[in-house]
Every structure is written in structure tokens, then in C-alpha cells.
Amino acid sequence: MRFNISSELHYKIEAPSTIILNVHALQTASQEVVEESFSIEPHVSHEHFVSQSGDNRFVRLSTGDAKELVIRYRAHVNRTHELVPAAKLTQVAVKQMDSSVIPYLFPSRYCQSDKLSRLAWKMFGEIPDAYQKVAAISDWIFENVEYLRGSTDSQTSAFETITERAGVCRDFAHLGIAFCRALTIPARYFTGYAHQLEPPDFHACFEAYIGERWMLFDATRLAPLNGLVRIATGRDAADAAVAPIFGGV
């Protein structure tokens, strides 16, 4: 499936600053970036680099004396999808997990799975099937947490979301991740472009490691799962933020 994606960011600069952008689509086995363009107006000093894992693509730019910036990214991306029978999506024992998956079992800044462990086991622990367990988590979040714009900020964690019962896509993702990790299912944060999302915006959801593969879940149900173009993955939003800013912007 071919997608044409684009983003445009406008910044007002109060003082010389640095921005680390994370808007480029990833090149993966199931996602091919056929063509892309990236521009900054006015031109300022910048460099492209990839994360230590070699996956997420970043641009570090210095604003210099610029007072305003307009950043544009466009790409043509081919996405392929695989349908997997649920019977194959069994839970993977920790002793059998690849070492690269292990970090996604641990609590992280926004996903305090240790604080939600008792609740997670009480709510979902008796579901024997791994896929059904994660699907139940996603369904519960959709049914019990209100999608409410402006209800949270960049500091909101999964523990606060379960208390307030409101949030946006990143909060839904963080809560899903925290529940999965509490049940010894590795889970990670996904950020990307989303087909049919209204209003258009960057979107967040989560992936769970079951059946020795990463499976995508979106507790918001705001976009089709086969309409997502991956930008980045990480332990939580701290690893996959679109534009961390250092300075006065």
C-alpha cells in the first residue's frame, strides 16, 4: 500500500536554540521509503543521524540567529502488512526472548508498570491467551479512558492516566504499554503518520511482543492499523518524541 505523507512545523525563535527533529519515516522490512524531501526555511545548520540502535532517524538543527523557522517533510512510502493467525501469537517466556526485547519489559519514565502490576493481574491476569490478553487491554482502555484533547501534558504518565481516566493518544499508548509490561509482555511505544486521522496530527499507539514478533495495537481506534506509517519506536514517548527543544522556541 502506497502512502503520501507530509508534515509542516512552524517555530518562533526567542533565543538561539537546538531542536532534534524526529519526523522521517523509517526504512524497515515492511516499510520502504521510495522518495522523500526535507527542507528548513531559512536554511540553518543541521545534521542527520540515526539512534544508537540504528533505527530512528533524527535531524539536529541549530536555530542560530533565525527568528522563525518552517520545516517541511514529505515522502512516498510503501507499506506491507502480514496477517497472523491469533493461535500463533502465544506469549514468549523471558528465557526465550531475544536480548534486544528485554528492555521493553522494564518500567520507564511514563510507563510505571511496577505501580500497576497488582491492578493489571487482577483485571487481565486470568486471560490465558497472550493475544487475547493484549486485545482485552486495548479494549478496556478504549472503553474506560476518555479521549480528551488538552486534558494532559508532556509530563502525564500511565499511572496518572489510569487515575484521571482521560488523555490523548500518547496517554492511551503509555497505559497499554504499562499494563503489558506488568503482565510480563514486552511492549513499546510507536509514533507515526496516520491515514484518516482527524484532525491530521502525529499519532501514537503501542506494540506488544507476542508470538516472537511485534504486533500493533491502537486503543484510541482513531485510525486503521494498516494506515500507519512508522516514524519511531521506543520505551515510551521520551524515546520517540517528534521535536525535543533545547532553548527558547
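Here are some notes on how this predicted model is put together.

1. Some ground rules before you look. Residue numbers start from 1 along each chain as its sequence is written, and side-chain values use heavy atoms, with hydrogens and water left out. Since the model is predicted, local features need pLDDT of at least 70 and side-chain atom pairs count only at pLDDT 80 or more, while totals for chains, interfaces and linings use all residues.

2. Start with the helices. Helices (H or I, at least four residues) and strands (E, at least two) are DSSP runs, numbered from the N terminus. The axes of α2 (residues 130-144) and α4 (residues 169-182) come within 10 Å and cross at roughly 145 degrees. Axes here are lines fitted to C-alpha atoms, for helices over the stretch in contact, and angles run from 0 to 180 degrees between N-to-C directions.

3. Who touches whom? On the α2 side, Val134, Ile137, Trp140 and Ile141 make the contact, and on the α4 side Phe172, Leu175, Gly176, Phe179 and Cys180 do. Contact means heavy atoms within 4.5 Å. These residues split into eight nonpolar, one polar and no charged. In this scheme Ala, Val, Leu, Ile, Met, Phe, Trp, Tyr, Cys and Pro count as nonpolar, Asp, Glu, Lys and Arg as charged, and the others, Gly among them, as polar.

4. Next, have a look at strand β5 (residues 57-62). Four bridges join β2 (residues 18-21) to β5, running antiparallel, and five bridges join β4 (residues 46-50) to β5, also antiparallel. Two strands pair if DSSP finds at least two bridges between them. Leu61 of β5 is the bridge partner of Ile19 and also that of His46.

5. There is also an open sheet of four antiparallel strands, in the order β11-β10-β9-β12. β11 (213-217) and β12 (228-234) stand at the edges with a single partner strand each, so one side of each has no neighbour in the sheet. From one strand to the next, the twist averages 40 degrees. Six bridges join β9 (residues 187-194) to β12, and Phe190 stands opposite Thr233 in β12. Helix α4 packs on this sheet, touching β9 and β10 (202-210), and its direction makes about 10 degrees with that of β10.

6. Now the aromatic rings. Rings of Phe, Tyr and Trp (its six-membered ring) pair if their centres lie within 6.5 Å; planes under 30 degrees apart count as stacked, over 60 as edge-to-face and the rest as tilted. By this rule there are nine aromatic pairs. Phe49 and Phe58 are stacked, because their centres are 5.4 Å apart and their planes at 25 degrees. Tyr131 and Phe217 are tilted, because their centres are 5.9 Å apart and their planes at 40 degrees. Tyr131 lies in α2 and Phe217 in β11, so this pair ties together parts 86 residues apart in sequence.

7. Are those last two residues buried or exposed? Buried means under 20% relative accessible area, exposed over 50%, partly exposed in between (1.4 Å probe, protein chains only). Tyr131 is partly exposed at 26%, whereas Phe217 is buried at 6%.

8. Finally, check the loop between β9 and β10. Pro199 is found there, joined to Glu198 by a cis peptide bond with omega about -10 degrees. Gln196 lies in that loop too; its phi is near 70 degrees, a positive value in a residue other than glycine. At 54% relative accessibility, Gln196 counts as exposed.
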